[in-house]
Amino acid sequence: MVLLVGCGGGAGQVSPSASNLSAPPQAASSAGQDERAAVEAAYSAFWSRTLQTDDEPEDTWRAAMAAVAVDPQLTTTLNAMRAQKQAGIEVYGDVTARIQSVQIDGASAIVRDCQDASRTGQADSTTGDPKTVGVPRNPVSADLKRDSSDGRWRVAKVAFPGGTC
């Protein structure tokens, strides 16, 4: 998908935060699982919103995308959406996340995904005819940041490292 560009790095498993080290193992594990679930939900919401927002009026895009993304990804995505609109291209379909790993370190997280993008792509905005179609196994790396004002996770950077997964 041409819509998003960025870079990322690192992989691993969810680990409880330092504040949970004195908690009973079950509580630490539960907190880690809750945090992982919040990161995964934010990551999935980003893709859903990205694929739906260009159908809305352009003056609503920033607010819609700011709910799921922060800079630099927010600006990158908005610029790509505008460029595609000017070129007569719209996105269609949806993607299925197949998250391979989540690494959380304080207010930062890295998600590694082997996304199924085979039901999405770019289409001519006038005719609706598909121009591209995604692939069933698309490696994706995403950096997320937790907003200190509301505690919500948002995508900060997306990269497509290439290769297979």
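Rings of Phe, Tyr and Trp, the last by its six-membered ring, form a pair if their centres lie within 6.5 Å. With that in hand, here are some close-ups of this predicted model.

View 1. The structure contains 3 aromatic pairs. In one of them, Y43 and W47, the ring centres are 6.2 Å apart and the planes meet at 75 degrees, so this pair is edge-to-face. Both residues belong to helix α1, where 4 residues, about one turn of the helix, separate them. Y43 and W47 are both buried. Follow the ring pairs and you will find Y43, F46, W47 and F160 linked into a cluster.

**View 2. The largest nonpolar core.** This core is made of 26 residues, and V39, F46 and L144 have the most contacts inside it. At least two core residues come from each of α1 (25-53), α2 (61-66), α3 (73-86), β2 (99-105), β3 (108-115), β5 (138-146) and β6 (153-159). Helix α1 gives the largest share, 6 residues.

**View 3. The surroundings of L144.** Leaving aside residues up to four places away in sequence, L144 touches V39, A42 and Y43, among others. Its other contacts include A107, S108, A109 and V111, as well as W153, R154, V155 and A156.

**View 4. The open sheet.** Here 4 strands line up in the order β2-β3-β5-β6, with antiparallel pairing. At the edges sit β2 and β6, each pairing on one side only. From one strand to the next, the twist averages 20 degrees.

**View 5. Strands β3 and β5 side by side.** These two strands pair in the antiparallel sense over 8 bridges. For a handy landmark, look for I110, whose bridge partner in β5 is D143.

How values were computed. Residues are numbered from 1 along each chain as its sequence is written. This is a predicted model: local features need pLDDT of at least 70, side-chain atom pairs count only at pLDDT 80 or more; totals for chains, interfaces and linings use all residues. Side-chain values use heavy atoms; hydrogens and water are left out. A nonpolar core is a set of buried Ala, Val, Leu, Ile, Met, Phe, Trp, Tyr and Cys residues joined through side-chain atoms within 4.5 Å. Buried means under 20% relative accessible area, exposed over 50%, partly exposed in between (1.4 Å probe, protein chains only). Contact means heavy atoms within 4.5 Å. Rings of Phe, Tyr and Trp (its six-membered ring) pair if their centres lie within 6.5 Å; planes under 30 degrees apart count as stacked, over 60 as edge-to-face and the rest as tilted. Two strands pair if DSSP finds at least two bridges between them. Axes are lines fitted to C-alpha atoms, for helices over the stretch in contact, and angles run from 0 to 180 degrees between N-to-C directions.
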